[in-house]
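Welcome, and thanks for taking a look at this one with us. Below is a short tour, grouped by topic, to read alongside the structure.

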Amino acid sequence: MNRYRIGRIVGQWVNFTPPIRGGTFSQNTACNPLNIPWTDSIDQHLSPEPSPPPTPIQNRKDFRGSSPSAHDPTSRTSKALEVSQREPDNAEIVEQAHIDDLREYPSLDPRTQQAIVQKYRALHHTIKAEGFYDCRYGEYGKELIRYSCIFACFVVTLKSGWYITSAALLGLFWHQIMFTAHDAGHRGITHNFVADTLIGMFIADFCCGLSIGWWKSSHNVHHLVTNHHEHDPDIQNAPLFAISPSFLASFHSSYYNFTFLWDRVAEFAIPYQRYTYYPIMGIARFNLYLLSWCHLLSRRSTNLGSAAWTRPTEIAFMSMYWFLFGYCLVWRSIPTWPLRIMFVLVSHIITMPLHVQITLSHWSMSTSDLGEGESFPQHQLRTTMDVDCPAWLDFIHGGLQFQAVHHLFPGVPRHNLRRLQQKVVQFCEETGIRYKRLGFVAGNRDVLGKLGEVASQLDMMIKCQKHMAQTGESGLH
């Protein structure tokens with residue numbers, strides 16, 4: 001990365017709000033109230049003059065989404081205006097959640113956050129020295145045996161005419177092998193981009209029909225801005241789900257470059273979200289097919305530079321998946337339409353625990369934006385929780401039960417996360433950051449409770465608005 005460096009900061013780095021998150025900057029480079037020393041550290045032939053100090057933020061735009069036209073002037077349609085008038089005012093509830101987080105977690109003052117960062121860096125050096133980044137290939141040998149046994153049982157039951165049983169086994173096979181695709185997506189197997197990408201493509205694209213490129217594109221952003229309602233695509237599930245009051249209004253997604261309008265569908269669906277959670281998780285895989293193809297056919301997948309070979313490879317692998325699954329398996333191997341429909345539904349519904357597991361670690365956690373003053377480790381632990389389970393059940397969860405640990409150190413292979421968890425617990429005790437860990441049942445109850453709470457907040461907000469419209473009074477005493 002040295003060739004991209006334009007200068008070096010001397011002293012403590014102070015985070016800025018990037019323009020994509022609403023930060024605006026002064027053109028007056030002489031203005032530097034943060035007193036950040038800046039020295040030029042690049043060859044003179046690249047820059048004959050010293051680099052100017054970073055320009056300070058003058059203000060931060062409110063990108064909460066109350067006005068869709070804030071991002072797209074062409075969206076000023078009558079429909080947008082109608083939606084804007086109908087959507088509930090969520091500002092007070094969002095602000096209260098922000099205050100609660102400030103009260104519950106360590107202070108955001110620079111000294112406290114810098115101390116957390118220093119301890120985090122020290123922990124990182126420790127885990128590197130102790131070999132936590134080394135992949136335990138023997139564990140993948142065990143995984144391969146399990147995958148092969150499940151797939152063999154699928155083939156045997158299919159040939160025997162036990163179509164529904166074979167569908168369940170195929171779904172279990174998909175469920176299990178995607179854990180290894182997750183590892184490959186984080187370069188946690190060989191630590192080599194090409195090798196791990198090919199492993200990920202074979203598993204995700206060829207065996208499962210899902211784009212590993214789409215997953216990387218989305219998942220990398222998720223790791224950077226976890227649970228930020230405007231930037232994290234993993235929690236942007238409007239109009240079907242709202243995991244915080246921030247989603248009870250129109251908002252603009254920086255990832256999709258799309259404004260999610262608060263509309264009648266959201267107004268109808270959100271009150272019932274705790275009841276629709278499991279049914280929708282059961283068919284969520286169909287949505288992943290759509291997102292995968294949308295990614296591969298979009299411009300996002302074309303600007304990959306030296307990795308441009310991945311796009312045609314993915315398209316070829318996913319096309320082969322649909323030929324083998326759609327034509328050879330479903331059409332040619334299963335005799336009747338009712339059995340074909342049942343086969344497809346059962347095989348996809350069996351993967352539901354994987355989708356539940358993914359949402360479990362984030363949907364009940366904070367979505368408040370505490371600003372750029374919050375350190376990376378504190379933000380990750382505030383927005384992510386772990387799921388407690390005995391070691392013998394690790395193969396069911398596939399390492400996803402250690403999401404808080406994984407978010408702190410994404411490159412650590414999943415077979416090392418249980419050992420690393422103890423060091424993260426100690427880190428949290430030393431820094432005063434809350435480390436949340438619940439059992440699988442309790443975690444499900446927590447997510448359902450959060451969905452029900454947001455639905456109740458929506459109901460209260462709508463009732464208050466109706467009362468104000470009728471009486472002109474807030475009804476609050």
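Is aspartate 459 exposed, partly exposed or buried? With a relative accessibility of 39%, aspartate 459 counts as partly exposed. Please keep in mind that this is a predicted model. The protein chain has 18 helices and eight strands, and 47% of its 477 residues are buried.

**The chain as a whole**

- Among contacts in the protein chain with a separation of 6 or more, 72% are between residues 24 or more positions apart.
- The chain exposes about 24,200 Å², and 61% of that area is supplied by carbon and sulfur atoms.

**Nonpolar cores**

- As general background, nonpolar side chains tend to be buried together in soluble globular proteins.
- The largest nonpolar core here has 36 residues, and the ones with the most contacts inside it are Leu170, Trp174, Met178, Phe325 and Phe343.
- At least two residues of this core come from each of helix 4 (137-159), helix 5 (163-185), helix 6 (193-208), helix 7 (212-224), helix 10 (284-296), helix 11 (310-333) and helix 12 (337-349).
- Helix 5 gives the largest share of this core, with ten residues.
- Another core lies apart from this one; it has 26 residues, including Phe241, Ala242, Ile243 and Met385.

**Salt bridges**

- Side chains of opposite charge can pair when their charged atoms come close.
- A search of the whole structure finds 13 salt bridges.
- One of them joins the side chains of arginine 434 and glutamate 104, at 2.8 Å from N to O.
- Arginine 434 sits in the loop between helix 17 (417-431) and strand 8 (437-439), while glutamate 104 belongs to helix 2 (residues 91-104), so this pair ties together parts that are 330 residues apart in sequence.
- The side chains of lysine 463 and aspartate 459, the residue from the opening question, meet in a salt bridge at 3.2 Å, N to O.
- Lysine 463 and aspartate 459 are four residues apart in helix 18 (residues 440-471), so about one helical turn separates them.
- Lysine 463 is exposed, with a relative accessible area of 54%, whereas aspartate 459 is partly exposed.
- A network of salt bridges links Glu143, Arg146, Asp183 and Arg414.

**Aromatic pairs**

- The whole structure holds 27 aromatic pairs.
- In one of them, the rings of tyrosine 120 and phenylalanine 409 have centres 5.3 Å apart and planes at 25°, so the pair is stacked.
- This pair links distant parts of the chain, 289 residues apart: tyrosine 120 is in helix 3 (residues 110-129), and phenylalanine 409 is in the loop between helix 16 (403-408) and helix 17.
- Tyrosine 120 is buried, with a relative accessible area of 14%, and phenylalanine 409 is buried too, with 1%.
- The rings of tryptophan 322 and phenylalanine 325 have centres 6.2 Å apart and planes at 70°, so that pair is edge-to-face.
- Tryptophan 322 and phenylalanine 325 both lie in helix 11, three residues apart, which is about one turn of the helix.
- Tryptophan 322 is partly exposed at 31% relative accessibility, whereas phenylalanine 325 is buried at 7%.
- Ring pairs also join Trp174, Phe286, Tyr289, Tyr321, Trp322 and Phe325 into a cluster.

**Charges over rings**

- Arginine 340 has its charged end over the ring of tryptophan 337, 5.0 Å from the ring centre.
- Arginine 274 lies over the face of tyrosine 275, at 6.0 Å from the centre of the ring.

Technical notes
Residues are numbered from 1 along each chain as its sequence is written. This is a predicted model: local features need pLDDT of at least 70, side-chain atom pairs count only at pLDDT 80 or more; totals for chains, interfaces and linings use all residues. Side-chain values use heavy atoms; hydrogens and water are left out. Buried means under 20% relative accessible area, exposed over 50%, partly exposed in between (1.4 Å probe, protein chains only). Contact means heavy atoms within 4.5 Å. Accessible areas come from the Shrake-Rupley method with a 1.4 Å probe; for residues, only the protein chains shown count as cover. A nonpolar core is a set of buried Ala, Val, Leu, Ile, Met, Phe, Trp, Tyr and Cys residues joined through side-chain atoms within 4.5 Å. A salt bridge is a side-chain nitrogen of Lys or Arg within 4 Å of a carboxyl oxygen of Asp or Glu. Rings of Phe, Tyr and Trp (its six-membered ring) pair if their centres lie within 6.5 Å; planes under 30 degrees apart count as stacked, over 60 as edge-to-face and the rest as tilted. A charge sits over a ring if NZ of Lys or CZ of Arg is within 6 Å of the ring centre and within 35 degrees of the ring normal.
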